[in-house]
Amino acid sequence: MNENLRHILGTNVRRLRRAHGMSKVDFCMTAGISRPILDKMERGEANAQLDTLCKVAAALGVEPSELLRSRPPRR
């Protein structure tokens, strides 16, 4: 995953998580991912695996592809 896509992913995940009013801890429990993974993802540092991307998208109620769009998904 290139650096720009990681940044887009992180920005979208953080914005949508906040729009849902979820803390990082609550979100991690809902998505079934670890806090360090979420932290890296939101900072644009994680090379997210497909399984992780699908878990995050499901927890946010969007399709995985929406998390990679440079134009933010609406929620």
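This is a predicted model: local features need pLDDT of at least 70, side-chain atom pairs count only at pLDDT 80 or more; totals for chains, interfaces and linings use all residues.
Me: Which secondary structure elements does the protein chain have, and in what order do they run?
Reply: The count comes to 4 helices and 0 strands. Read from the N terminus on, the order is therefore α-α-α-α.

Me: Why can the protein chain be called as compact as a globular protein of that length?
Reply: Let's take the secondary structure first: the protein chain has 4 helices and 0 strands. For 75 residues the globule rule gives 11 Å, and the chain comes close to that, so it is as compact as a globular protein of that length. The C-alpha trace spans about 30 × 25 × 20 Å along its principal axes. The radius of gyration itself is 11 Å.

Me: What percentage of contacts between residues at least 6 apart in sequence join residues at least 24 apart?
Reply: A contact here means heavy atoms within 4.5 Å. Taking the contacts in the protein chain between residues at least 6 apart, the part that joins residues at least 24 apart is 58%.

Me: How far apart are the mean positions of the positive and negative charges?
Reply: The protein chain carries 14 positive and 8 negative charges. Their mean positions are separated by 4 Å.

Me: Which residue forms a salt bridge with Glu42?
Reply: Good one to look up in the model, where there are 5 salt bridges. The pair with Glu42 links distant parts of the chain, from helix 3 (residues 35-42) to helix 1 (residues 3-19), 25 residues apart. Both partners are buried. With the closest N and O atoms 2.7 Å apart, the partner of Glu42 is Arg17.

Me: Which residue in helix 2 pairs with Asp39?
Reply: Asp39 is buried, with a relative accessible area of 17%. In its salt bridge with Lys24, the closest N and O atoms are 3.0 Å apart. Asp39 lies in helix 3 and its partner in helix 2 (residues 24-31), so the pair ties together parts that are 15 residues apart in sequence.

Me: By how many residues are Asp39 and Arg35 separated in helix 3?
Reply: These two form a salt bridge as well, with the closest N and O atoms 3.1 Å apart. Arg35 is partly exposed, its relative accessible area being 39%. Within helix 3 the separation is about one helical turn, because Asp39 and Arg35 are apart by 4 residues.

Me: Which residues are linked in a network of salt bridges?
Reply: Asp39 pairs with Lys24 and with Arg35, while Glu42 pairs with Arg17. The linked residues are Arg17, Lys24, Arg35, Asp39 and Glu42.

Me: Leaving aside neighbours within four places in sequence, which residues is Thr52 in contact with?
Reply: Thr52 sits in helix 4 (residues 50-60). Thr52 is buried, with a relative accessible area of 16%. Beyond its neighbours within four places, the residues in contact with Thr52 are Ile33, Ile37 and Met41.

Key. Residues are numbered from 1 along each chain as its sequence is written. Side-chain values use heavy atoms; hydrogens and water are left out. Helices (H or I, at least four residues) and strands (E, at least two) are DSSP runs, numbered from the N terminus. The radius of gyration is taken over C-alpha atoms; the globule rule is 2.2 Å times the number of residues to the power 0.38. Lys and Arg count as positive and Asp and Glu as negative; His and the chain ends are not counted. The place of a charge is taken as NZ of Lys, CZ of Arg, CG of Asp or CD of Glu. A salt bridge is a side-chain nitrogen of Lys or Arg within 4 Å of a carboxyl oxygen of Asp or Glu. Buried means under 20% relative accessible area, exposed over 50%, partly exposed in between (1.4 Å probe, protein chains only).
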